[in-house]
Amino acid sequence: MEHKETSFVRDESSGAVREESTVVNDTVPAPVVEASSIKSTTPARRAAELIYLCFGIIDSVLVIRLALKLLGANPYAGFAKFIYGVTDVLIAPFRGLFPNWISGQTILEPSLVVAILIYSLVAVGLVRLVALSLSSRLMVSEHSRSERLKPGPE
């Protein structure tokens, strides 16, 4: 006689929940296990992906500005004007940190490189912070302090 047993199992490393179905046959000694994924992401992972997306866009726009400056793009062209306008706000805290190097029409802004690095580090730090705050795993010590308060044998 066959019957199907279903259970939900959470993977501790990824946080994904999957359904495991076991078909038990009285005539066959080994059960057959079928697995299907129900939930593949956790809130912490979604938040990390969103943070990386936002800061990835910021870093990408800053890298485009860096390339335009290094290649000596016309600052009055529509695309260059748009990129410079958007990124001026992003590099404002870093402006004047280092002097710009100018050779002909090529401009290297070291403060722009520092801004890219700092925004990348902020993204990694925020992801770590979100991972710590939204993590479902809690570290619990084997012996709690309350055990010392219990009366022992006299």
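Select Arg-95 and Asp-88, which form a salt bridge whose closest N and O atoms are 3.2 Å apart; a salt bridge here is a side-chain nitrogen of Lys or Arg within 4 Å of a carboxyl oxygen of Asp or Glu. The model is predicted, so local features need pLDDT of at least 70 and side-chain atom pairs count only at pLDDT 80 or more, while totals for chains, interfaces and linings use all residues. Residues are numbered from 1 along each chain as its sequence is written, and side-chain values use heavy atoms, with hydrogens and water left out.

Arg-95 is partly exposed at a relative accessible area of 44%, and Asp-88 is also partly exposed, at 32%; buried means under 20% relative accessible area, exposed over 50%, and partly exposed in between, with a 1.4 Å probe and protein chains only.

Arg-65 lies in helix H1 and Asp-88 in helix H2 (residues 78–91), so the pair ties together parts that are 23 residues apart in sequence; helices are DSSP runs of H or I with at least four residues, numbered from the N terminus. Arg-65 is buried, with a relative accessible area of 3%.

Asp-59 is buried yet has no salt bridge, and the nearest side chain of opposite charge, that of Arg-65, is 12 Å away; for charge, Lys and Arg count as positive and Asp and Glu as negative, with His and the chain ends not counted. The side chain of Asp-59 does make a polar contact with the side chain of Ser-120, at 2.6 Å, such a contact being a pair of N or O atoms within 3.5 Å, of which, within protein, one must be able to donate a hydrogen and the other to accept it, and residues adjacent in sequence count only if both atoms are side-chain atoms.

Finally, select Ile-118 in helix H3 (residues 110–134), which is partly exposed at 34% relative accessible area. Ile-118, Leu-121, Val-122, Leu-126 and Leu-129 form a nonpolar patch on the surface, with about 420 Å² of accessible area together; patches are made of residues with over 30% relative accessible area and no salt bridge, like charges being joined within 9 Å and nonpolar side chains (Val, Leu, Ile, Met, Phe, Trp, Tyr) within 5 Å, and accessible areas come from the Shrake-Rupley method with a 1.4 Å probe, where for residues only the protein chains shown count as cover.

Note on methods: Helices (H or I, at least four residues) and strands (E, at least two) are DSSP runs, numbered from the N terminus.
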